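This briefing sets out selected features of the structure shown below.

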2 protein chains.
Amino acid sequence: MVTLAEVAQHAGVSASTVSYVLSGKRSISATTRERVERSIRELGYHPNAGARALASARSNIIALMIPLRTDLYVPVMMEIAVAVATTARAHGYDVLLLTGEEGPGAVRRVTGSGLADAMILMDVELEDERLPLLRGSHQPSVLIGLPAEAGGLTCVDLDWTATGALCVEHLAGLGHRDIAVIGEAPAVYERHTGFAERTLDGLRARARQTGVRVLHRPCEGGYDAMAVTLARILDERPGTSGFVVQNESAVEPLLALLRQQGRAVPEDVSVIAICPDQVAVQASVRLTSVAIPAQEMGRHAVEHLMAKLAGRGDDEVVLITPELTVRASTGPAPAAP
Amino acid sequence: MVTLAEVAQHAGVSASTVSYVLSGKRSISATTRERVERSIRELGYHPNAGARALASARSNIIALMIPLRTDLYVPVMMEIAVAVATTARAHGYDVLLLTGEEGPGAVRRVTGSGLADAMILMDVELEDERLPLLRGSHQPSVLIGLPAEAGGLTCVDLDWTATGALCVEHLAGLGHRDIAVIGEAPAVYERHTGFAERTLDGLRARARQTGVRVLHRPCEGGYDAMAVTLARILDERPGTSGFVVQNESAVEPLLALLRQQGRAVPEDVSVIAICPDQVAVQASVRLTSVAIPAQEMGRHAVEHLMAKLAGRGDDEVVLITPELTVRASTGPAPAAP
DNA sequence: GTGAAAGCGCTAACAG
DNA sequence: CTGTTAGCGCTTTCAC
């Protein structure tokens, strides 16, 4: 293993000079810099991460805590994780992957050991048990997701309330008066996941304002569950002409069932999904949708973390404005029968 | 920050004693151990990761390199990643997430800096450009996926050849004589991804043995692409009664299209998928499938890495035996018309 | 069963 | 612009 001292000797300079060439923290003459860089190349030198972390008290690692549940929103999670990793690399940081399994203790372990300089928490719940620990530690952090009480924390999230409102607005504008919302699995609501509840709030508030009726039904993924849910909805509100779907694994089943029942999309019923763009364009009908901007969230989270690490800290809540893309699944409400 | 020295002082012992209590590398009297552990608790001590890495020359971190493409097999990738992370934790290791973006250079960076003690490579291609670097470095590593030349490397993968054979066997046993294979996107074959080519080999070999005809068609995901692909297949081989699908995003479109054309599954045509179990059971028809054992692969990879790190190294190729689960999408071939 | 002490490789004052 | 040097906190001989 090549050490900094060996590089220094090879280049005929002192260790600190090599260190400063590497960090750029003080000016170096062009000739010296070149000699050092040449030695580094020739010897194949790589700074030792542990030594660096010890001496500088910074690991250049950020921890990313993903949920253990790999059933919900997998593509979104993955996309966020990849965006976090690539953005972090662009800033010279590596990413340590923590799963929810270890529980809140992971926060303590990582902050305590100096393994990571900062952390990003995904899938934050309204009353998240990791938050007290996070507030206690002095670790810079960013949440992806918005807890009930964000005081003193930096959060990045899609503005789900606005997302819900946007969906209703679009459908109401097309003349739909009876809207059904196919939600996530009941468990998601039970554990008070912020995005689900907020979407619902936005949906309902705008519905009141526009005089539209909204019927919300949670739904497990898959074809069978969707069939049951749909039957119940149409039974209760036969006049339903608009659907808002916030459940990736219910999208395709819903479309298949509607087709099967002879209800044409968008002539008879309109469907709008809250999902990644990729899902919307790959569906059997190109779906009008509000995108879940996974990459943007990951990127934002890292950028904010970097700002904090640079001392330009600002505890703020960043809500990304939702964008609705009209595709082929929504149209004017059919004339009342 | 609490240091080991402070703990030692608090407990009235030497630093080395505290260290040994922590590592268990030499016997400690019960009373001493208790005093030390008490001090650790009272002071809230956490060993510093950097210092530990420097002194011991081991970081207790393994690097996991995931592909940058987040379009292919996302749920599988995610499941593997989570399995790797949790298994690694169980062995006292953390996981560093590397994306393919950084390219082969990431291998050098991580091995050179001692950031990680070992690495796991996912999505290994037949002629993977990371492999020469890996062979050169002395870093313990495990590949998930099987390159063309595995000499000197440890690999974990599903036995894709057997997987293909298993599919044909099942359909042939049910009397199907004309089988169509819906494959991954053409790009997957072009970049010589091992699993895709091997599956095909297995499929064809067994087809020859059983006197079955196989027609292979790559397919981009989504409904439209599937519609085109299906039309061509039925045009070319009208007698096709069995489908093998190795493309998650083609599964539901295929089922929808068959339904739409009045071809009942499994009465008229049988469909067998190569996909995670979760996808198989959530589809609109419960699919007979060969599972992609993501968790098992992740777990295996870590276990082998641990063995190597412990010196019980063994360069070997572990091929997981595929398992076919019969569900509701396959049945006897219809009588010839 | 326990202590003392020598580093691990690097950073960042401090000194010129 | 460059060199000297004192640690960073822990592991691990070596010695008792």
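**Helix packing**

Helix H1 (residues 4-11) of chain A packs against H3(A) at an angle of about 125°, and their axes are 9 Å apart. That angle makes H1(A) oblique to H3(A). The model is a predicted one, in which local features need pLDDT of at least 70 and side-chain atom pairs count only at pLDDT 80 or more, while totals for chains, interfaces and linings use all residues. Residues are numbered from 1 along each chain as its sequence is written, and chains are lettered from A and ligands numbered from 1 in the order in which they are written.

Terms for this topic:

- Helices (H or I, at least four residues) and strands (E, at least two) are DSSP runs, numbered from the N terminus.
- Axes are lines fitted to C-alpha atoms, for helices over the stretch in contact, and angles run from 0 to 180 degrees between N-to-C directions.
- Angles under 35 degrees count as roughly parallel, over 145 as roughly antiparallel, 65 to 115 as roughly perpendicular and the rest as oblique.
- A crossing is left-handed if the near helix is turned anticlockwise from the far one by less than a right angle, and right-handed if clockwise.

Packed pairs:

- H1(A) and H3(A) cross in a right-handed sense. Their contact (C-beta atoms, placed from the backbone, within 7 Å) is made by Glu6(A), Val7(A), His10(A) and Ala11(A) of H1(A) with Arg35(A), Val36(A), Ser39(A), Ile40(A) and Leu43(A) of H3(A).
- In chain B, helix H1 (residues 4-11) and helix H3 (residues 30-43) pack at about 125° with axes 9 Å apart, and the crossing is right-handed.
- Helix H8 (residues 160-173) and helix H10 (residues 194-210) of chain B have axes that come within 6 Å and cross at roughly 40°. This makes H8(B) oblique to H10(B), and the crossing is right-handed.

- In H5(A), 14 of the 17 residues are buried (20 or more other C-beta atoms within 10 Å; exposed is 12 or fewer, partly exposed in between; C-beta atoms are placed from the backbone), so the helix is largely enclosed by the rest of the structure.
- Glu34(A), in helix H3 (residues 30-43) of chain A, is partly exposed because it has 13 C-beta neighbours inside 10 Å.

**Chain interface**

- 42 residues of chain B are in contact with 42 residues of chain A.
- H5(B) gives the largest share of the side of chain B that touches chain A, ten residues.

**Backbone features**

- The peptide bond joining Val265(A) and Pro266(A) is cis, with omega about 10°; Pro266(A) lies in the loop between helix H12 (248-260) and strand E9 (270-275) of chain A.
- The bond from Val265(B) to Pro266(B) is also cis, with omega near 10°.
- Asn60(A) is not a glycine but has a positive phi of about 60°, and 17 other C-beta atoms within 10 Å make Asn60(A) partly exposed.
- His192(B), a residue other than glycine, has a positive phi near 55° and is found in the loop between helix H9 (186-190) and H10 of chain B.

Key. Two residues are in contact if their C-beta atoms, placed from the backbone, lie within 7 Å.
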